[in-house]
Amino acid sequence: MPEEPKTVFKFTAEGVDLEFAGSEEFVVKQVQRFRPFLEAAVGEATPADEGQAESADSGEEKQTLDVFYGARPTREGRGAIQDRILLFIYYLQNVQGKQAVSKEDIGWCFTQVGLHTPKNLLNALGNMKRKLGYLQGGGRRGLYRLAPKGQQYVEERFRAV
């Protein structure tokens with residue numbers, strides 16, 4: 001009897017690793033079951049939020065990524081990817097409250113604002129961490145945080161205070 005193709009779904013966010021493997025039907029059911037958790041982990045607003053999410057701890061409304069990004073024009077051409085990545089990480093940390101972000105989180109941001117995720121995203125992250133000092137490790141391999149130098153760059157370049 002031929003073996004059924006195996007479908008694998010992996011997700012990592014803030015110290016939580018989920019992995020489902022099995023038939024496509026099984027994996028889809030598991031993803032649907034955990035969808036609210038997954039959406040919350042990447043900061044996706046639900047339709048009920050319609051543009052603004054209320055902060056449970058402060059009672060303040062959080063700015064959506066579209067509004068945040070739209071208010072801060074980035075460069076075109078050389079340096080544009082770097083600026084966008086730093087702006088997205090700043091948003092995820094300072095507006096959404098994430099401690100550290102993954103390349104998937106950053107990719108989600110690119111998608112949310114209607115841009116293609118750069119093919120050289122990991123390379124750009126590595127350069128910004130090792131060569132420019134804008135990023136630092138986020139506690140685990142594959143997670144990033146803004147370094148003080150990166151925080152300062154974003155706040156000065158985009159007036160994102």
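Strands S5 and S7 pair in the antiparallel sense over 2 bridges; two strands count as paired if DSSP finds at least two bridges between them. Strands here are DSSP runs (E, at least two residues), helices are runs of H or I of at least four residues, and both are numbered from the N terminus.

A word on the source. This is a predicted model, where local features need pLDDT of at least 70 and side-chain atom pairs count only at pLDDT 80 or more, while totals for chains, interfaces and linings use all residues. Residues are numbered from 1 along each chain as its sequence is written, and side-chain values use heavy atoms, with hydrogens and water left out.

Back to the sheet. Val101 has Tyr144 in S7 as its bridge partner. The open sheet has 3 strands in the order S5-S7-S6, with antiparallel pairing. S5 (101–102) and S6 (135–137) are the edge strands with a single partner strand each, so one side of each has no neighbour in the sheet.

Now the helices. H4 lies across S5, S6 and S7 and runs at about 90° to S7. For such angles, axes are lines fitted to C-alpha atoms, for helices over the stretch in contact, and the angle between N-to-C directions runs from 0 to 180 degrees.

Last, side chains. Which residues is Ile106 in contact with, leaving aside neighbours within four places in sequence? They are Ile85, Phe88, Ile89, Val101, Leu121 and Leu125, with contact meaning heavy atoms within 4.5 Å.
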